[in-house]
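Thanks for making the time this morning.

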Amino acid sequence: MRVRTCARRAPPRRLERVRMKRGPSLPPPSPPGLQPPAMRDLHQAVAHANAGRWRDAEVHAERVLALHARDPSALNVLGTVAMNTGRSAEAIAWFERAAAGQPKNPYIQYNLGEAHRRARALEGAAAAFAHAARLKPDFAEAFAAAGDALRGLGRTREAEGHYHKALRLAPASAAALNGYGLLRLSRGEPGAAAELFATGLRAAAPGHPIRPALLANLGLARLQLGQGLEGLDALAQAVEAAPGDAEAWRRLARALRRTRLAPATPAFRAILLKLFERPDVNPRSLATAAIAVLRQDAEIDRLLESIVAAPRDVAQTLEHEGTAATRLIQAPLFQRLLASAPIPDVGIELLLVQLRADLLSLADAEPDALEEELGLAVALARQAFLNEYVFFAAADEPQRLDALIARLDRDDLGAEAGDATRIAIVAAYRPLGSTPLAARLEGGALPPLADLLREQLAEPAEEAELRAALPVLKPPTDATSLAVQTQYEQNPYPRWTRGGLAEPMPFRMAIQGALPDLPAREIADVERPRVLVAGCGTGLETLRVASTYRGASILAVDLSAASLGYAMRKARAYGLAEVQHLQADILDLPTLGERFDLIDSFGVLHHMADPAKGLQVLAKLLKPDGFLFVGLYSDIGRQAVAAARAHIAHSGYRDDAEGIRALRRDLMLDGAPPALEGVMSPASDFWTLSDCRDLLFHVNEHRFTLPQVGAMFDAAGLEFLGVRFGHAADQTRYLAENPRPAALRDLDGLHRHEGLHPEVFGDTYRLWARPRKPTR
């Protein structure tokens, strides 16, 4: 009699790389001596376990143990049940009892290793899998599983040895090929990794449970090789192969961030549309891919190119290209994009500016004509609210809008046919909360406007309520801090609808994922890390931290109460119970009297009067084994921004909403000087009011080179640990050009590489550091 003990395995949970799903193990028959009733019950327990009927399997196994308390097969069944019902610690206890009864049974040892793995106890997993392999030297699956556990522990040399043994025994072992591919990928060898994953796919028949993992890992390897379309296609196939795997969808969404490529298949279009519906995906990550898909329609692409070529003649272009414009506007993907994320495309923005003006002209039309445009008006209003009304308007539009608002400002607002469309037209120009219509619309029943009223009235009211109870450490006194505070009170940054989620990982595993060349022994194994988000803004970075570090207790601070109100509303919506919010200046944080395992301060220090002083403050708030993740502007990467800021100063654009709209209008209608074209990239922060102000009109900013960053770290007593590249392929290229140990920590080498390839870090360095250890 044999018991299948690993009928299923939990979905992979690693962010960047996917682990395999292992098949069942088959232990040898139970030793003789069972009484006939017990033998029948054991047969039943095995049958139910094989079928996944866990409760029935448990009942029959318990009957066996009532007569034979130490029967290893019954204990093994109970361990299997516990493991497959989320009770890993209990499963370990059952398997240990089973192993005590059959100490030379390799299958029970294997199952003990799997229970440890599911409990995230990789040391125990590695030991049990290796023991199983010693007991059965031809047990290829045990060697592969031991390799996986050792790789997770950072013991890569030992892991490689186990993978080699597994592949000698079973050259077509998809599990070993997958694990060894991940090891090669972590070493910066995406070409070798891709070959291993492709071989594994050839070995795994359609429907094999490991195929989604192999497809996903092949996609990641191809992206690192710079094979964008092939990588995205493999990641999309992984989603199709395992549509219930949430991480597969998130992984694809992360890969799509700011890409201008998209597979030209109906299947990919359908997947992308579903991604827009997911609550765990940030729709802003999908915007450029959605535009790429929409432009695969030749007529839509020609329409948008014609608009950009003649930006002052959009109305005439629409007369000639009306069919293409209608197809674009009616496309479900375009409608989801309008309502979900700011659209980073000049042609589409100019089209929307014209459509908004056309709707305003239609406000006096017959109700039937207005009703036909309700959906477009609502979607356009939601887009305008998302981009904070960054669209420019013709000189006569504000006056005509005032007349429309006056017409709607009546006691029976909503009663007349066409009112809903007219309200949406107003909301496409101004937030409803800033108009006299707000009081009339609160609590009103206008179902077509439900999302609009929630976003523009209910949510801002909730933010105001939360802001009123916000704790304040002390009011800032630094002049630059006060100026920065004023900017973000006026323009909280960034506005976002949904954030990307992930399954949080143990602290050590998460840090090792970010710094794969850092030995695991140098990372504290902290169960409940204390994290400071220094400059949390509207909470998007806080959500990322909460989704990365399991059990994290987070203190999120910012200068701006308006930003914190937004952040607190979002934290409530996402159920982030372990987040405290505090209004404070980084310079005042030492008064907290607290130390942190991790400090995350992205895009903050370069806006301080003295960034080096701010860095020193944060460094002193770290525990001796703590880590710092900081974002600092790159002087090389922000050359276009520096040119744009000089252009703005020379031209006299004001640093307010009207000044920002005027600059954007002129750049779109008259064309950007070559030095400024980079700031209008789909990947830049050009596409919303607060983003553009932060990018081009900030009251204070500093830019750095990597050697300057190194000097700042040295002065703060910090050791530089690495910098994140803009894309995985950029890191692959750097390592290929710099094949030497510790190349990722060589600030001078990284600086030389950035000089040759200015785009490799984007416009902001993403840097890791830790307190420097005393020399002996």
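This is a predicted model: local features need pLDDT of at least 70, side-chain atom pairs count only at pLDDT 80 or more; totals for chains, interfaces and linings use all residues.

Let me start with a salt bridge, in which the side chains of lysine 474 and aspartate 588 meet at 4.0 Å, N to O; the term stands for a side-chain nitrogen of Lys or Arg within 4 Å of a carboxyl oxygen of Asp or Glu. This pair links distant parts of the chain, with lysine 474 in the loop between α26 and α27 and aspartate 588 in the loop between β3 and β4 (596–602), 114 residues apart. Helices here are DSSP runs of H or I with at least four residues, strands are runs of E with at least two, and both are numbered from the N terminus. Lysine 474 counts as partly exposed at 38% relative accessibility, whereas aspartate 588, at 13%, counts as buried; buried means under 20% relative accessible area, exposed over 50%, and partly exposed in between, with a 1.4 Å probe and protein chains only.

Residues are numbered from 1 along each chain as its sequence is written, and side-chain values use heavy atoms, with hydrogens and water left out.

How many salt bridges does the count come to by this rule? It comes to 67, and one of them joins the side chains of arginine 295 and aspartate 345 at 3.4 Å, N to O. Here arginine 295 lies in the loop between α15 (287–294) and α16 (298–309), and aspartate 345 in the loop between α19 (332–340) and α20 (346–362), so that the pair links distant parts of the chain, 50 residues apart. Aspartate 345 is buried, with a relative accessible area of 11%.

Another salt bridge pairs arginine 440 with aspartate 411, whose closest N and O atoms are 2.7 Å apart. Is aspartate 411 buried or exposed? At 75% relative accessibility it counts as exposed, while arginine 440, at 34%, counts as partly exposed.

Now to the helix. Helix α26 (residues 450–468) has 19 residues and reaches 26 Å from its first C-alpha to its last, close to the 27 Å expected, where the expected span is 1.5 Å times one less than the number of residues. At alanine 458 this helix has a kink of about 30°, shortly before proline 460; the bend is the angle between axes fitted to the seven residues ending at a position and the seven starting there. The buried residues of α26 include Leu452, Leu453, Leu457 and Leu466, and also Glu455, Glu459 and Glu463. What covers the buried residues includes α22 (374–386), α24 (419–427), α25 (438–441) and α30 (561–573).

Turning to the rings, a search of the whole structure finds 16 aromatic pairs, where rings of Phe, Tyr and Trp (its six-membered ring) pair if their centres lie within 6.5 Å, with planes under 30 degrees apart called stacked, over 60 edge-to-face and the rest tilted. Tryptophan 496 and tyrosine 574 form a stacked pair, 6.1 Å centre to centre and with 25° between the planes. Tryptophan 496 lies in the loop between α27 (479–490) and α28 (507–514) and tyrosine 574 in the loop between α30 and β3 (579–583), so the pair ties together parts that are 78 residues apart in sequence. Tryptophan 496 is buried at 3% relative accessible area, and tyrosine 574 is partly exposed at 23%. Lysine 570 lies over the face of tryptophan 496, at 4.8 Å from the ring centre, the rule being that NZ of Lys or CZ of Arg is within 6 Å of the centre and within 35 degrees of the ring normal.

Finally, alanine 534, found in strand β1 (residues 530–534), is buried with a relative accessible area of 0%. Not counting residues up to four places away in sequence, alanine 534 touches Val557, Ile586, Ile599, Asp600, Ser601, Val604 and Leu618, contact meaning heavy atoms within 4.5 Å.
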